[in-house]
Amino acid sequence: MGRLRPGTRHPQITLTHEQLAALAGTSRETCTKVLHDLAARGLLRLARGRVTVLDQARLKDEAG
């Protein structure tokens, strides 16, 4: 499964949308919509099989 890569400037999570959806207990489609929304707000950057956390503090606030 994926790993958190803290040695980079921004932490990277190497999981696919499908893997993240399974962990969250939701559909891949819903997971993709949420990830794209967070990326549009500058919290994440999405790449194939990788999610880069750009603003960890704001992301934590969003998560509640």
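User: In which helix does Gln 56 lie?
Analyst: The model is a predicted one. In it, Gln 56 belongs to the element that covers residues 56-63. That element is helix 3.

User: Is Gln 56 buried or exposed, or partly exposed?
Analyst: The relative accessible area of Gln 56 is 45%. Buried requires under 20% and exposed requires over 50%, so Gln 56, at 45%, is partly exposed.

User: What distance separates the C-alpha atoms of Gln 56 and Leu 43?
Analyst: Along the chain, Gln 56 and Leu 43 are 13 residues apart.

User: Is Thr 52 buried or exposed?
Analyst: Thr 52 lies in strand 4. Its relative accessible area is 3%. The limit for buried is under 20%, therefore Thr 52, with 3%, is buried.

User: Which residues does Thr 52 touch, leaving out those up to four places away in sequence?
Analyst: Contact here means heavy atoms within 4.5 Å. With the sequence neighbours up to four places away not counted, the residues that Thr 52 touches are His 10, Pro 11, Gln 12, Leu 43, Leu 44 and Arg 45.

User: How far apart in space are Thr 14 and Arg 50, C-alpha to C-alpha?
Analyst: Thr 14 sits in the loop between strand 2 (12-13) and helix 1, and is partly exposed at a relative accessible area of 23%. In sequence, 36 residues separate Thr 14 from Arg 50. In space, the C-alpha to C-alpha distance is 4.4 Å.

User: Which element gives the most to the largest nonpolar core?
Analyst: This core has ten residues, among them Leu 15, Leu 20, Cys 31, Leu 43 and Val 51. Two or more residues come from each of helix 1, helix 2 and strand 4. The top contribution, three residues, is from helix 2.

User: Which residues does Leu 20 touch, not counting those up to four places away in sequence?
Analyst: Leu 20 is a member of the largest nonpolar core. Its contacts, with those sequence neighbours left out, are Leu 15, Cys 31, Leu 35 and Val 51.

Technical notes:
Residues numbered from 1 in each chain as written. Predicted model: local features only at pLDDT ≥ 70, side-chain atom pairs only at ≥ 80, totals over all residues. Heavy atoms only, no water. Helix = DSSP H or I, 4+ residues; strand = E, 2+ residues; numbered from the N terminus. Buried < 20%, exposed > 50% of the residue type's maximum accessible area, 1.4 Å probe, protein only. Core = buried A, V, L, I, M, F, W, Y, C linked by side-chain atoms within 4.5 Å.
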